Amino acid sequence: MQPKVMMKKKNISASKASLILFLCQIVSALDVPLDLLQPPTITQQSPKDYIVDPRENIVIQCEAKGKPPPSFSWTRNGTHFDIDKDALVTMKPNSGTLVINIMNGGKAEAYEGVYQCTARNERGAAISNNIVIRPSRSPLWTKEKLEPNQVREGDSLVLHCRPPVGLPPPIIFWMDNAFQRLPQSERVSQGLNGDLYFSNVQPEDTREDYICYARFNHTQTIQQKQPISVKVFSMDSLNDTIAANLSDTDIYGAKPVTERQPVLLTPTGSTSTKVELRGNVLLLECIAAGLPTPVIRWIKEGGELPANRTFFENFKKTLKIIDVSEADSGNYKCIARNTLGSAHHVISVTVKAAPYWITAPRNLVLSPGEDGMLICRANGNPKPDISWLANGVPIAIAPEDPSRKVDGDTIIFSHVQERSSAVYQCNASNEYGYLLANAFVNVLAEPPRILTPANKLYQVIADSPALLDCAYFGSPKPEIEWFKGVKGSILRGNEYVFHDNGTLEIPVAQKDSTGTYTCVARNELGKIQNEVQLEVKDPTMIIKQPEYKVIQRYGQVSFECIIKHDSTLLPTVIWLKDNDELPDDERFLVGKDNLTIMNVTDKDDGTYTCIVNTTLDSVSASAVLTVVARPNPPFDLELTGQLERSVELSWVPGDENNSPITNFVIEFEDGLHEPGVWHYQTEVPGTQTTVQLKLSPYVSYSFRVIAVNEIGRSQPSEPSEQYLTKSANPDENPSNVQGIGSEPDNLVITWESLRGFQSNGPGLQYKVSWRQKDVDDEWTSVIVANVSKYIVSGTPTFVPYEIKVQALNDLGYAPEPLEVIGHSGEDLPMVAPGNVQVHVINSTLAKVHWDPVPLKTVRGHLQGYKVYYWKVQSLSRRSRRHVEKKILTFRGNKTFGMLPGLEPYSSYKLNVRVVNGKGEGPASPDKVFKTPEGVPSSPSFLKITNPTLDSLTLEWGSPTHPNGVLTSYILKFQPINNTHELGPLVEIRIPANESSLILKNLNYSTRYKFYFNAQTSVGSGSQITEEAVTIMDEAMASRQVDIATQGWFIGLMCAVALLILILLIVCFIRRNKGGKYPVKEKEDAHADPEIQPMKEDDGTFGEYRLFSFVSSAPF
């Protein structure tokens, strides 16, 4: 499989960043500059439910802003809290934050209560939430006497934790005396209440140090429960105990471990209910007892579990749904199932909701005489009640304001005046909580002011949104207009978006969007403008991304990351591995455009990401590195089902190292006969981890397993335990039994001995038996030790014997062996073949015939006949030469053969001999035969000398192999012109006793080609060729040389040169004057010389000189 390369791009000025900026600017548009009169605004406060560390000072935060700066006061439990009367309580300067000095003798419990802060100035009062102060608690475990838990194997068990009630509740976990967490599984797990549940107990659960720990995070303390002891009684031990206390006649025996269908340990019953608040995490739990251990499954009746928000924990015993809403209400069913049955429980879930905002009230800035409204809308389950306060006082008893009218969740203001300024509080509450929001009404008359700095520079990436800020304030609210340039026209149209907070948005900025933009704010009290600058940059791109790589362990790999970016931006390149920093390892080499990993290991496997950042954008590309290697060796080899002739071997595969295991090879060692030597046993597919192995008796087996994948073979596993099979009679007899005599009077019986594990028992021997075929009735036998040869002496020469070899050991004989036929030793043949005849087929081939010898005289295995033949002399030459005998062997009982490669016109002799395994017999009398004439070889050389105007002299050497009596030579020749065309062919016959010839009446200065061969009475032999040239006429050569020195020729050449010079001068003058000449003239002036007509060949012979000749060795 090849994984995809992943690439991501992010523009800082776009998408989520633009939304965040937009929202921030909306808020800033409602903020009143701090140099203007305004009611208080709470900017920071402590959480509603504030749990404090009783050992540290208590800090209750309350910060606010306003003009003039607000003063602060506190209530505690609904009444005024006079901090001046308590020396341990102080308020920070220019702040409402309280500090209660616990570390100097105060007690946190004395300051428990509900606190509320009020910030007040001449324009109104803002109040904080009710802040509930509670010190954290981490009480000790109560003393209790814990009885040991004695439980029968297979039963369920619950170990109760019951931690002390703390604030906040502690985190529960189980450990042993060595502070090691107790292992948990589908069978043993911790419940949400902290108890430890066993679906069924096993003997390994016996221990005396089950300890429950409670960790209180606020105080950083851990409390420990007394250790709990568990003893599991197995059925075997219980039966042994009963047997020791009963007589032989008593019936005893505990029942074996019985399997049981599931029963729910928690929750109990068939149904239960659960209430959870909107936005919280819903946790539902089901833990069941049973044997085998039950498996838990969850469903929602009448619906689906919410995707992307559902998680399973604690081995699927806990269903977790995050960020729950009213839609998650319903019936959830858990089903516990094993092989014997199932049990289920239905939990009815109701999702309630503390109040949450639909529309929270927002600060309102009005000019005198304007209208406005505050809206406070919230929802919850049940529906929350809405109430209003003015400057911290219920609005029903607050001073009246004729411009104000309350209408449920809305306050309407009409024709406000400066005295209408105040802070209003909206409270939305139900039984699950409350919301409190402050919103002021500030009545001001202010001309426009622009809060964005002048000439602020904005830089964005091309094709992304550009947001140009124009934060403003004024009362009445100013109108905003935008212009391109200082004196440009007003911006309108669909290519721009104008936000209420004054921001100008260019949804898709282009390079030509670069420039100056002017923002103008005006109301009835005045006008102001501001300029900002926009620069649009080229986007950063990864033009060569990293690619998916597969590398073998200890290799080297490189990822490329080549980028292109705007020249004014400085990019930084960061490499990550699995979304984290690269390992601090010198093997990782980060270059300008790449990442190289040297000596790759398994830990380097993962996803590598190249991230390119500039101040404006960020791009990334990822690729996966897969490190492959030979598999790790298998382990945990186990032998089961041991029988006399078979055993089952199982194993656990090692890590395949990212390359699937294709097969397993099983090898065995015979520790009894060949210790340390491993033999191939079998192999199985890579998906199989057990195999049934066939065994031999009397072998001490050890097995090992080797895993194989595409990369190679693993190291062998550790050997299995040894398994010694019982002895038995041999199953098989020796193989490859043969009987071949080494001497004429003996018979050598050989065989391949059994290997050690084939002996099947101690005392391996062999029973060797033989008898002469068709002669003896009785077998002669001998028992020999563990050898592989026995020699029978005193046998007649080359007679057949029946032979058999049987294995035996201390337990008995192997099955009856098969008989084989062997022969006693051979001797040389006694007679030669007779009636040898030769039939000459042609000058190089003859056929020889002979009569076969009687088989009895062969005295061995007839292997064939050998023909010895040699050349006595050549009939065309009487000289003697060295005799070289040739041998042809004809296999089997053949009586004829062909003799190829003979020399023509020669005298030969031959004889024939019979051959057996011992050697050759006597030769037949020599037979003489002659080969007829053949065609001769080519003349030994052809040499052409003494060229004249009309003659050439030819000399030659006779053929090296005349192959008969030469009768003549044949000479053929023909002229060749300068286009290599051949003229008419002339043939001349020359007597055989000639060795030279003068050819006359030839053409001068002409090349001739000659063909020359010899003849016998049989025909012509192969020819030899040569070329030569007659010389040129001296008078004609003189005339051709003199023409270049004649005066008329020199004068003609000078005139032509002068004419060409004049034409060039005229063309140059006309070109400078702007004159034109016809296209035809232009084409002629620039004609391609390669397509000009050439002078035709005259087609005659000549113009050649004799330049070489070929000579051969002399006679």
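Buried residues account for 41% of the 1115 residues in this protein, which is represented here by a predicted model. The accessible surface amounts to about 60,800 Å², and carbon and sulfur atoms contribute 52% of that area. In secondary structure, the chain has six helices and 86 strands. Among contacts with a separation of 6 or more, 66% involve residues 24 or more positions apart.

In soluble globular proteins, nonpolar side chains tend to be buried together. In this model, the largest nonpolar core comprises 28 residues, and Ile58, Ile60, Trp74, Ile100 and Tyr115 have the most contacts inside it. At least two residues of this core come from each of strand 4 (58–60), strand 5 (62–67), strand 6 (71–76), strand 9 (98–100), strand 10 (113–121) and strand 12 (131–135). Strand 10 gives the most to this core, namely three residues.

The surroundings of Trp74 can be described in detail. With residues up to four places away in sequence not counted, Trp74 touches Ile60, Gln61, Cys62, Thr79, His80, Phe81, Met91, Gly96, Leu98, Tyr115, Gln116 and Cys117. Two of these partners, Ile60 and Tyr115, are themselves listed with Trp74 among the residues with the most contacts inside the core. Apart from this core lies another, of 20 residues, including Val691, Leu693, Val699 and Phe703.

## Disulfides

The structure holds six disulfides. With bonded cysteines counted along the chain, their pattern is 1-2, 3-4, 5-6, 7-8, 9-10, 11-12.

| Disulfide | S to S distance | Torsion about the S-S bond |
|---|---|---|
| Cys161 and Cys212 | 1.9 Å | -70 degrees |
| Cys286 and Cys334 | 1.8 Å | about -70 degrees |
| Cys561 and Cys610 | 1.9 Å | about -65 degrees |

The link of Cys161 and Cys212 is left-handed.

The disulfide of Cys286 and Cys334 is left-handed because the torsion about its S-S bond is about -70 degrees. Cys286 occupies the loop between strand 23 (282–285) and strand 24 (287–291) and Cys334 is part of strand 28 (residues 330–338); the pair therefore ties together parts that are 48 residues apart in sequence. Cys286 has a relative accessible area of 0% and is therefore buried. Cys334 is buried as well, with a relative accessible area of 0%.

For Cys561 and Cys610, a torsion of about -65 degrees about the S-S bond makes the disulfide left-handed. The loop between strand 50 (557–560) and strand 51 (562–564) contains Cys561, while strand 56 (residues 606–613) contains Cys610, so the pair ties together parts that are 49 residues apart in sequence. Cys561 counts as buried at 1% relative accessibility, and Cys610 is buried with a relative accessible area of 0%.

## Aromatic and charge–ring arrangements

A search of the whole structure finds 21 aromatic pairs. One of them joins Phe973 and Tyr1008: the ring centres lie 6.2 Å apart and the planes meet at 65 degrees, so the pair is edge-to-face, given that planes over 60 degrees apart fall in that class. Phe973 lies in strand 82 (residues 966–976) and Tyr1008 in strand 85 (residues 1007–1016), so the pair ties together parts that are 35 residues apart in sequence. Both Phe973 and Tyr1008 are buried.

Phe973 also pairs with Phe1010; here the ring centres are 5.7 Å apart and the planes are at 35 degrees, so the pair is tilted. This pair likewise links distant parts of the chain, with Phe973 in strand 82 and Phe1010 in strand 85, 37 residues apart. Phe973 is buried at a relative accessible area of 9%, and Phe1010 counts as buried at 0% relative accessibility.

Elsewhere, Phe173, Phe179 and Tyr213 form one aromatic cluster. Charged side chains also lie over aromatic rings: Arg207 is placed over the face of Tyr210, at 5.7 Å from the ring centre, and the charged end of Lys894 sits over the ring of Phe896, 5.1 Å from its centre.

Definitions and conventions. Residues are numbered from 1 along each chain as its sequence is written. This is a predicted model: local features need pLDDT of at least 70, side-chain atom pairs count only at pLDDT 80 or more; totals for chains, interfaces and linings use all residues. Side-chain values use heavy atoms; hydrogens and water are left out. A nonpolar core is a set of buried Ala, Val, Leu, Ile, Met, Phe, Trp, Tyr and Cys residues joined through side-chain atoms within 4.5 Å. Buried means under 20% relative accessible area, exposed over 50%, partly exposed in between (1.4 Å probe, protein chains only). Helices (H or I, at least four residues) and strands (E, at least two) are DSSP runs, numbered from the N terminus. Contact means heavy atoms within 4.5 Å. Accessible areas come from the Shrake-Rupley method with a 1.4 Å probe; for residues, only the protein chains shown count as cover. A disulfide is a pair of cysteine sulfur atoms within 2.5 Å. Rings of Phe, Tyr and Trp (its six-membered ring) pair if their centres lie within 6.5 Å; planes under 30 degrees apart count as stacked, over 60 as edge-to-face and the rest as tilted. A charge sits over a ring if NZ of Lys or CZ of Arg is within 6 Å of the ring centre and within 35 degrees of the ring normal.
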